[in-house]
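Subject: The structure you asked about

Hi there,

Here is the structure for you to open alongside this message. Have a look at it first, and then read on for what turned up.

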Amino acid sequence: MFMGNTPFITVRASRALTEIEFCAWVAQAAPGDRLEYHRGFLVLDIFPMLGRLADREREELSRLGSRAFWAAEQGLVHLVQERVGPDRFAYIAVARPKPKHAAASLSALLLKEQAA
């Protein structure tokens, strides 16, 4: 696929995303769309002793990170990190063309995962 001179624009949420919002973005994203799903140091932010987040926020962030990794394993996104400062990164999902087996729906993949 030729990308030409189209600039890459990363969408950044004004608040923390949920796993469900991430899934909705994956389902609707066009190839090349970019979503910053977290800014910080993910592995530390989900670690209870080191993180600055409340338990509920940390659990949601953990689910979001796991879902992003799952989406990458399914071939739906590329995961990219950009350094934005010392010990601080932007975690970005870049939408890939949908694989033919995922053309039916993202929900079918999610149900298949839950059944396994």
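Two residues are in contact here when heavy atoms of theirs lie within 4.5 Å. With that in hand, take Arg-58: leaving out its neighbours within four places in sequence, Arg-58 is in contact with Asp-45, Ile-46, Phe-47, Pro-48 and Leu-53. This arginine lies in helix H3, and because its relative accessibility is 11%, Arg-58 counts as buried. Please keep in mind throughout that this is a predicted model.

Now the overall layout. The protein chain has 4 helices and 4 strands, and along the sequence they follow the pattern β-α-β-α-α-β-β-α. Of the 116 residues in the protein chain, 35% are buried. If you take the contacts between residues at least 6 apart in sequence, 57% of them join residues at least 24 apart.

H1 covers residues 19–28, and its buried residues are Glu-19, Phe-22, Cys-23, Trp-25 and Val-26. Viewed down the axis of H1, these buried residues fall within an arc of 160 degrees, so they line one face of the helix. On the face of H1 turned away from the buried side you will find the exposed residues Ile-20 and Gln-28.

What does H1 meet in H3? Glu-19, Phe-22 and Cys-23 of H1 meet Glu-60, Arg-63, Leu-64, Arg-67, Ala-68 and Ala-71 of H3. Sorted by class, this contact has 5 nonpolar, no polar and 4 charged residues. As for the geometry, two packed helices are described by the angle between their axes and the distance between the axes. The axes of H1 and H3 (residues 55–73) come within 8 Å and cross at roughly 25 degrees. Angles under 35 degrees count as roughly parallel, so H1 is roughly parallel to H3. The crossing of the two helices, H1 and H3, is right-handed.

- Ala-30 sits in the loop between H1 and strand E2 (34–40). Because its relative accessibility is 35%, Ala-30 counts as partly exposed. Ala-30 and Val-94 are 64 residues apart along the chain, and their C-alpha atoms are separated by 9.3 Å.

- Asp-87 is in the loop between strand E3 (77–85) and strand E4 (88–95). Most residues other than glycine have a negative phi. Asp-87, although not a glycine, has a positive phi of about 55 degrees. With a relative accessibility of 56%, Asp-87 counts as exposed.

- Pro-99 belongs to the loop between E4 and helix H4 (106–115). Is Pro-99 buried or exposed? At 18% relative accessibility, Pro-99 counts as buried, because the cut-off for buried is under 20%. Not counting residues up to four places away in sequence, Pro-99 touches Gln-74, Gly-75 and Leu-76. Pro-99 and Leu-76 are 23 residues apart in sequence, with 7.2 Å from C-alpha to C-alpha.

Happy to go through any of this with you on screen.

Best wishes

Notes
Residues are numbered from 1 along each chain as its sequence is written. This is a predicted model: local features need pLDDT of at least 70, side-chain atom pairs count only at pLDDT 80 or more; totals for chains, interfaces and linings use all residues. Side-chain values use heavy atoms; hydrogens and water are left out. Buried means under 20% relative accessible area, exposed over 50%, partly exposed in between (1.4 Å probe, protein chains only). The arc is that of the directions from the helix axis to the C-beta atoms. Axes are lines fitted to C-alpha atoms, for helices over the stretch in contact, and angles run from 0 to 180 degrees between N-to-C directions. Angles under 35 degrees count as roughly parallel, over 145 as roughly antiparallel, 65 to 115 as roughly perpendicular and the rest as oblique. A crossing is left-handed if the near helix is turned anticlockwise from the far one by less than a right angle, and right-handed if clockwise. Ala, Val, Leu, Ile, Met, Phe, Trp, Tyr, Cys and Pro count as nonpolar, Asp, Glu, Lys and Arg as charged, and the others, Gly among them, as polar.
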